[in-house]
Amino acid sequence: MKLNKLTLAFLFSLSSIYGFSQEHYPVKGKIENTKNEAVGMAAIKIYKGDSTDLFDQIYANEDGTFEIPDLEDGTYKLVITEFGYEQSATIAEVKGGVLDLGNIVLKNTTTETVELKGAFVRAQTSQYKNEIDKRVVEVGNDLVSAGTDAASVLNNIPSVNVDPQSGELSLRGNSNVKVYVDGKPSSLSASQLLKQIPSNQIQRIEIITNPSAKYEADGKSGIINIVLVKGAKKGYNVGLITGYEQGKKSRFNSSINANVNVGKFNIFGNVNYADRPSKQRGLGQNYTDKIDQSFDILNRNKNLSYKVGFDYFINDKNSLTIYTNQWNWKYNMNINTIISQSSFDKKNFNDINSKSNSSDYSLNYKLDFDKKDHNIVLDAFYSTNKENDNRDYLTTYPADDFYKEYRYDKTETTRVNLDYTNQIENAGKVEAGIQYRKQSNKNDMTSTQTVIREGLSFNPLVNFNFDRSFYSAYANYKQQFNKFGAQVGVRLEDVEDKANWFYTPNQEGNLNKKYTNLFPSAFFTYDLTEKAKFSLNYSRRIDRPGIYQLTPVPQFSTALMSSEGNPNLKPEYTDSYELGYLHQMKKGTISGNLFYRSVKDNIVQTFTKNPDIESAFIQYYLNYDKVNNYGVEASWNYKATKWMNIYLAGDFTSSEMQNDSRKITANVLSFRLNNTYTLSKQFSLQQFGFFRGRSKNLQGETLDMWRMDLGLRYTFMDGKASVSARMNDIFRTMRFRADMSDPYYGYANFRWESQSAYLGFTYNFGGKVRSRADVQKNETENKGGGIGL
């Protein structure tokens, strides 16, 4: 039988054709205590008939609900175990249909010790959940992204894309998306942040495409919240992960997770180290001036990070969570460029050495009142990032020169939220809150290069200082009326921007701007049946230009291309509309979304010719009046058999783009296939496929790209240890290609280390703990933290 499964799995990987098998039926229920409170994350062991051999094991959801997706007709015994409660055994008779066991009540235990087997229990493969207001991806130990970073994980999620060259993140074809970690922002840029988070530290990812008034109004495309692993199992628990990856270069990663949960305290932490060198190469051809630029890039990237914190359950009404994230990043890049024309080959060299230290500090206090869903939460957060960047340039084009650049960047973010929630009896729920937020940036650059412009000789020097302060308040009201549900809200944000800058030889400026905006939102749902739901929502959002879009400090510079900001950029405003449908089937779900966005003062990235260097161009940002975006998304998640799960998703987006010379409509079509095969109790196989079609842009057209990945895991030692292996881009088809038409006619080809092989090892162990009273569960327990205000 194992051979048949393995054979079918590989045939499906190559052809992606599904074959039907014997019918199975789900069993579902909910676990509660004697106070009618949900008992989340309880372990459910499944035994078939009178057998004493374990047939399967699952874990209840956080709200106590559970579903065993498919069982053949017969008798099963469900043994439910959870810390602080007596073990419970329930008989399930499956007879040709859905079996609902209703509420299963657990009694409090009087036992003083509980033996814990294993630690950091997580889903072993990705689980895609389409909720009415967001998509949730339970990353678990995703086989095809094991041993990588957050950028690789996000690239596997529908409608999300991370540019392999620049690290730029986009959602629904737009880069104006906000990234949070455990519901809070970071001082790191998205491209830096995604490279520093190991994939094995990600618990789940939340994609909120049309946030309500409760959330900050920034981000036209929405919010991506990365929820990190936080140990919360009772007792002491330790998890060890190490791995080796081979592409053009060898890469290593290791991490240790631990938590101690005794009495009223849960202390958690992790340490991660990654050494990830890589090679990239590319070619740019300028047909207009008949000049080519080829380049080889060697990256040396070393990350050391750790997280430590604790939950303190003061009593059954009060809880406190405090933690810190620390990130240390060392980065070295060597860029070798050859500028070629019929009469010459000119070599340029660029050596970049960068060090970054970032710290996040978070405090969360929650007070529950006597009534259910009646609480107040105080959340305080501070984040800082400092980066020193030294660059050496040896050029032969456009002239022989050697010079150095010194860059310094410091970013600070302070945020304090106070949130109130009250579920009114026989009515709706009220949510309200206030927030203070401040962002400060200092961006400097000095250079030894001698520049002559307008008869003046000088060394480039740039100083840019920027502060942005927020005062915000919001209110939401939501209520269910039989099959119809509604939520309406509004957010008020008062913002002040202050900036001053100077760059040689004699240019300087300042900015002092205040503005107040209202951001309404409205959400409506209708239950067509018990398992089918429609949703319609609207929100107004804003994209304020960030530090790297504003600063005149060049972010990068090569022989023929440089990038700089525009201090005079204005915010852009977006009215976003979305229609959704979600249908839960017997063995899966199907969902679809239509969206439309109307954008005013659109911020766009464009290019212009460099007047000082022949055939060179400058990348910068501008505002344009108004553009429109629309799109459609669809996904299908299906449990074909007990051992095969199919996930297929596709999306189409259409966006208007404009620069000085023209206006275009860019259409993008992409598909993702993610199938999981449980070959036996120990073996699982995962297949991932990706395709993105051609797409126009302001500079020309990007060509299609696709890839196929495979991952395998073997679990042993009663589930405490596992070995995983993967092969990414099996056929080495993944690369970036583009036909260029502006500012020059040409062609670009860029290839990175998309093809690589990985081997990893994981080991978990735990111990005993004293039982404790039934205390309040902090909102972040068992889920690593969620998105807040």
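## Aromatic pairs

Across the whole structure, a search finds 20 aromatic pairs (rings of Phe, Tyr and Trp, the last by its six-membered ring, with centres within 6.5 Å; planes under 30 degrees apart are stacked, over 60 edge-to-face, the rest tilted). The pair Tyr538 and Tyr577 is tilted, because the ring centres are 5.0 Å apart and the planes stand at 40°. This pair links distant parts of the chain, 39 residues apart: Tyr538 belongs to strand β31 (residues 532-543) and Tyr577 to strand β34 (residues 572-585). Helices (H or I, at least four residues) and strands (E, at least two) are DSSP runs, numbered from the N terminus. Tyr577 has 39% relative accessibility and so counts as partly exposed (buried is under 20% relative accessible area, exposed over 50%, partly exposed in between; 1.4 Å probe, protein chains only).

Phe683 and Tyr714 also form a tilted pair, with ring centres 4.8 Å apart and planes at 40°. Here Phe683 in strand β39 (residues 683-692) and Tyr714 in strand β42 (residues 705-716) are 31 residues apart. Phe683 is partly exposed at 35%, and Tyr714 is partly exposed at 34%. Elsewhere, ring pairs join Phe265, Phe310 and Tyr312 into a cluster.

## Model and conventions

The model is predicted: local features need pLDDT of at least 70, side-chain atom pairs count only at pLDDT 80 or more, and totals for chains, interfaces and linings use all residues. Residues are numbered from 1 along each chain as its sequence is written, and side-chain values use heavy atoms, leaving out hydrogens and water.

## Charges over rings

The charged end of Arg172 sits over the ring of Phe595, 4.1 Å from its centre (NZ of Lys or CZ of Arg within 6 Å of the ring centre and within 35 degrees of the ring normal). Lys346 lies over the face of Phe344, 5.9 Å from the ring centre.

In β14 (residues 202-208), seven of seven residues are buried. This strand runs antiparallel to β10 (residues 135-138), with four bridges, and to β15 (residues 222-228), with six bridges (strands pair if DSSP finds at least two bridges between them). Ile207 of β14 stands opposite Arg135, and its bridge partner in β15 is Ile224.
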